Amino acid sequence: MKAIAEAPSKAIVTGEHFVVHGAWALAAALPRKVKVEVAESTHQRVISNGVLVSDRQRLRPIGRILEAMAKEYSLDSDMTVSITSEIPEGAGLGSSASTMVAVTSAVARLRGISVGVAEISKFAMVGETEIHGRPSGVDVAICSIGGVVLFKRGSSPRRITLNGTKSLIVAFSGCKRSTRRQIRRVSGTKELFPSLFEGLTEAASEVSLMAAERLSAGDLEGLGRMLSLNHAVLSAIGVSSPQLDRLVDLALSLGAYGAKLTGAGGGGSIVAVAPGGKEKSVVSGLRDRGFEAFLAKIPAGGVRSWLEK
Ligand code: PMV
């Protein structure tokens, strides 16, 4: 018997970094997935895209989740965990959070433990904290719940309903980066300019609330304005990069309503919105200039798991 779980990727629509410091962030689950299979074994093994993982640093987050679940539910933590991912690593699209969520969900399913979003998030955060140091939890929340969510530390996530499906444009700069390092960089800025940072955090929070309202109302032009505003604030705290700024400018020159870096920045991806008739041409324009770009339909579902023989 094996258990399988699939969790979505994600884009932070607005509010990244500031969410670590108490702001609202708006996040959307994206259709690209991580699939995790867990099966009984005599020892712990992790296989990633068909290759046995031996690097301790990569094994540790999953090991931590298995240990935490074993302790909480008095379980045996020996099992084989096989991961197949459609999400590029270090691209700001939630590859680690999606994996942690899918591992937690598959382990619970294999051991017959009934877990809700709160328990899945709790154990997935054990792995995420090992990887990123001090994550806000927004990635884990959106990869568990799915859909579109307003997230704030210490509050219950708020689901945002959309009127029909919408498309986000996502483009990868091709540069990978470490979220842990980017979070530290922002904390450094906060220490240097505490009162200024507080004002920017409040502004970013307000941007997320307004962006959620615009998206829910189907006003992509208004949402685009929020994206561009948010990108300017993120650039101001030093988490953009010349490639990301170039990608944002390119998306705008191709007809997008608005665009911004998504996730930790410093590399990784951008997210943009465009008028319905222009989305495909923005994506092909970005591809023509050598960037990996795609249209992601939202809302996408959250984590799900099942048993197979
Ligand atoms: O690791 P990424 O690129 O998905 O970004 C995470 C979002 C941050 O706000 C930068 C960190 C966090 O924990 O919220």
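**Thr80 and its surroundings**

Good morning. Apart from neighbours within four places in sequence, Thr80 is in contact with Glu37, Val38, Ala39, Ser41, Arg45 and Ile47, where contact means heavy atoms within 4.5 Å. This is a predicted model, in which local features need pLDDT of at least 70, side-chain atom pairs count only at pLDDT 80 or more, and totals for chains, interfaces and linings use all residues. Residues are numbered from 1 along each chain as its sequence is written, and side-chain values use heavy atoms, with hydrogens and water left out.

Where does Thr80 lie? Thr80 belongs to strand E5, residues 79-85; strands (E, at least two residues) and helices (H or I, at least four) are DSSP runs numbered from the N terminus.

Is Thr80 buried or exposed? Thr80 has a relative accessible area of 9%, so Thr80 counts as buried (under 20% relative accessible area, with a 1.4 Å probe and protein chains only).

Two of the contact partners return when we turn to polar contacts. The side chain of Thr80 meets that of Ser41 in a polar contact of 3.4 Å, and that of Arg45 in one of 3.3 Å. A polar contact is a pair of N or O atoms within 3.5 Å; within protein, one must be able to donate a hydrogen and the other to accept it, and residues adjacent in sequence count only if both atoms are side-chain atoms.

Let us now consider the whole protein chain. Its secondary structure comprises nine helices and 12 strands. Of its 309 residues, 54% are buried. The C-alpha trace spans about 55 × 45 × 35 Å along its principal axes. Thank you.

Key:
Buried < 20%, exposed > 50% of the residue type's maximum accessible area, 1.4 Å probe, protein only.
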